[in-house]
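The following explanation leads the reader through the fold of a protein chain. Please keep the sequence and the three-dimensional view at hand while reading.

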Amino acid sequence: MPPWGKITIFLVLVLLLAGCRGHKAAEFLWPDLGDPYVQTTNEWTRKDSLHSGLDTEIIARATYKSPEWMQAYIKKRAEVYGLTSDEKEQLRQNLEDSLEHETRFFLALAKGHKARGSLKFDDPLWSIFLLHEGRKIYPLEIRESREPLAKLESFYPYVNRWQDHYVLRFPPVNGDSIDLVMSGPLGRVELNW
């Protein structure tokens, strides 16, 4: 039997066994799919990419830390770290205070060879800004995340080790529509909420 035939039989058996245990195949293969936190994060995450011919120059995924996302994050963090009700309330208060003073995004970038290097506040390759109600708003801070990969993977399901991870802070923005833009000599990436 050819090697691909053995692999096919193995995959069919795995799917059948998943069905025999009372689980749907999708739940067996992707257990986080039904997780409310993952669903909320997916709702507040956008993706765009920039290509040059057949090469991918950049793949950007960003999560807008909206009030709705923050509520889901508080529950998830309390679950992951076993927070007490007082610790959970303190976290809620800290995050609500931060929402009054800034708009935050978590950004994951997979970059091609032309786009190598870290994002910086005065980056020569990229200009990063928000477009909101016809205004251009520049960040207060662009900071590379120093969090361990396992922690990032817990809170941002799309994260992997081949990306660079950043926290972006902007002045507070209110309204329905926000566009996060990265623009430069290689092109433009636009993420819309």
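The coordinates belong to a predicted model. The protein chain contains six helices and nine strands. Of its 193 residues, 36% are buried. Among the contacts in the protein chain with a separation of 6 or more, 67% are between residues 24 or more positions apart.

The helices are considered next, beginning with the pair H3 and H4. Helix H3 covers residues 36-43 and helix H4 covers residues 67-81; their axes come within 9 Å and cross at roughly 150°. Angles over 145 degrees count as roughly antiparallel, and H3 and H4 are therefore roughly antiparallel to each other. Their crossing is left-handed. On the side of H3, the contact is made by Tyr37, Thr40 and Thr41, while H4 contributes Glu68, Trp69, Ala72, Tyr73 and Lys76. By class, the residues of this contact between H3 and H4 comprise four nonpolar, two polar and two charged.

Helix H4 also meets helix H5, which spans residues 85-101; the axes of H4 and H5 come within 10 Å and cross at roughly 155°. These two helices are therefore likewise roughly antiparallel to each other. The crossing of H4 with H5 is right-handed, whereas that of H3 with H4 is left-handed. From H4, the contact draws on Pro67, Met70, Gln71, Tyr73, Ile74, Lys75, Arg77 and Ala78; from H5, it draws on Lys88, Leu91, Arg92, Leu95, Glu96, Ser98 and Leu99. The contact of H4 with H5 has eight nonpolar, two polar and five charged residues. Tyr73 is named in the contact of H4 with H3 and again in the contact of H4 with H5.

Attention now turns to the strands. Strand E1 (residues 45-52) and strand E2 (residues 55-64) are antiparallel and pair over eight bridges. E1 and E2 form a hairpin with two residues between them, and glycine 53 in the turn has a positive phi of about 65°. Strand E2 is in turn joined by seven bridges to strand E3 (residues 103-111), and E2 and E3 run antiparallel. Here tyrosine 64 has phenylalanine 105 in E3 as its bridge partner.

E8 and E9 form a hairpin with two residues between them. Leucine 180 has leucine 191 in E9 as its bridge partner, and valine 181 stands opposite glutamate 190 in E9.

Two residues illustrate how separate parts of the chain come together. Threonine 45 is found in strand E1. Is threonine 45 buried or exposed? Residues under 20% relative accessible area count as buried; threonine 45, at 13%, is therefore buried. Leaving aside neighbours within four places in sequence, threonine 45 is in contact with Ala62, Thr63, Tyr158 and Trp193. The C-alpha atoms of threonine 45 and leucine 107 are separated by 9.4 Å, although these residues are 62 residues apart along the chain.

The second residue is methionine 182, which lies in strand E8. Its relative accessibility is 4%, so methionine 182 counts as buried. Which residues does methionine 182 contact, leaving aside its neighbours within four places in sequence? They are Ile58, Leu107, Leu109, Leu119, Trp126, Ser127, Ile128, Gly187, Arg188 and Val189. For one of these, tryptophan 126, the C-alpha atom is separated by 6.0 Å from that of methionine 182, with the two residues 56 residues apart along the chain.

Note on methods:
Residues are numbered from 1 along each chain as its sequence is written. This is a predicted model: local features need pLDDT of at least 70, side-chain atom pairs count only at pLDDT 80 or more; totals for chains, interfaces and linings use all residues. Side-chain values use heavy atoms; hydrogens and water are left out. Axes are lines fitted to C-alpha atoms, for helices over the stretch in contact, and angles run from 0 to 180 degrees between N-to-C directions. Helices (H or I, at least four residues) and strands (E, at least two) are DSSP runs, numbered from the N terminus. Angles under 35 degrees count as roughly parallel, over 145 as roughly antiparallel, 65 to 115 as roughly perpendicular and the rest as oblique. A crossing is left-handed if the near helix is turned anticlockwise from the far one by less than a right angle, and right-handed if clockwise. Contact means heavy atoms within 4.5 Å. Ala, Val, Leu, Ile, Met, Phe, Trp, Tyr, Cys and Pro count as nonpolar, Asp, Glu, Lys and Arg as charged, and the others, Gly among them, as polar. Two strands pair if DSSP finds at least two bridges between them. Buried means under 20% relative accessible area, exposed over 50%, partly exposed in between (1.4 Å probe, protein chains only).
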